[in-house]
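Work through the exercises below with the model open. Each task is followed by its solution.

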Amino acid sequence: MDLPSFLWLWRIAAWSMGLSLVAYVLLALIGIRMLRARTLWQRESSWLRSLHYKIGICLVSLVLLLLLIGIVGTYGHFGSLGHSQHLWAGLTTVMLVLLSAGSATQIGVGHPWARRIHIGANIAIFFAFAWVSITGWSVVQKYLP
């Protein structure tokens, strides 16, 4: 396919990745604040928890959008998938984000394991985002003239 016809797709991907990183940082800051309140036996703000959920939903949506763009763009440009480690980095990131979101829905008094999985997945997402960013940069170089 002609590269210029895909420029709009790469712009969406660039914005989605940037917004995903912003959402991740905001979620980390809010999550640390919530954890700190819990360890100091303070009452959590309900609006803060609500904001955490809403930003989390945005992150899940953005990561799934990036997955879709990556599959469509790569298949459209190359005719097949799996031309670099970026596919595995992206799939790992998507799975970790979904694990984090799924475990977040289970956090409560009856599920002490859910918070540990949620926090562990979020720490792993940091490294997955680094991996997907590094491998993504090499993919971007293939498309640039």
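**Exercise 1.** Classify Phe127 in this predicted model: buried or exposed?

*Solution.* Phe127 has a relative accessibility of 56%. The cut-off for exposed is over 50%. Phe127 therefore counts as exposed.

**Exercise 2.** Classify Phe126 by its relative accessibility.

*Solution.* The value for Phe126 is 49%.

**Exercise 3.** How many aromatic pairs does a search of the whole structure find? Describe the geometry of each.

*Solution.* The search finds two. Take Tyr24 and Phe129: their ring centres are 5.5 Å apart and their planes stand at 75°. Planes over 60 degrees apart count as edge-to-face, so this is the class of the Tyr24 and Phe129 pair. Now place the partners. Tyr24 sits in helix α1, Phe129 in helix α4 (residues 112-143). The pair thus ties together parts 105 residues apart in sequence. Tyr24 is buried, at 15% relative accessible area. Phe129 is buried too, at 4%. Phe126 and Phe127 also form an edge-to-face pair, with 5.3 Å from centre to centre and 85° between the planes.

**Exercise 4.** Check the span of helix α1 (residues 7-39) against its 33 residues.

**Exercise 5.** Which residues of α1 are buried, and what phi does Trp41 take?

*Solution.* The buried residues of α1 include Leu9, Met17, Tyr24, Leu27, Ile30 and Met34. Just after α1, Trp41 takes a positive phi of about 60°.

Terms used:
Residues are numbered from 1 along each chain as its sequence is written. This is a predicted model: local features need pLDDT of at least 70, side-chain atom pairs count only at pLDDT 80 or more; totals for chains, interfaces and linings use all residues. Side-chain values use heavy atoms; hydrogens and water are left out. Helices (H or I, at least four residues) and strands (E, at least two) are DSSP runs, numbered from the N terminus. The expected span of a helix is 1.5 Å times one less than its number of residues. Buried means under 20% relative accessible area, exposed over 50%, partly exposed in between (1.4 Å probe, protein chains only). Rings of Phe, Tyr and Trp (its six-membered ring) pair if their centres lie within 6.5 Å; planes under 30 degrees apart count as stacked, over 60 as edge-to-face and the rest as tilted.
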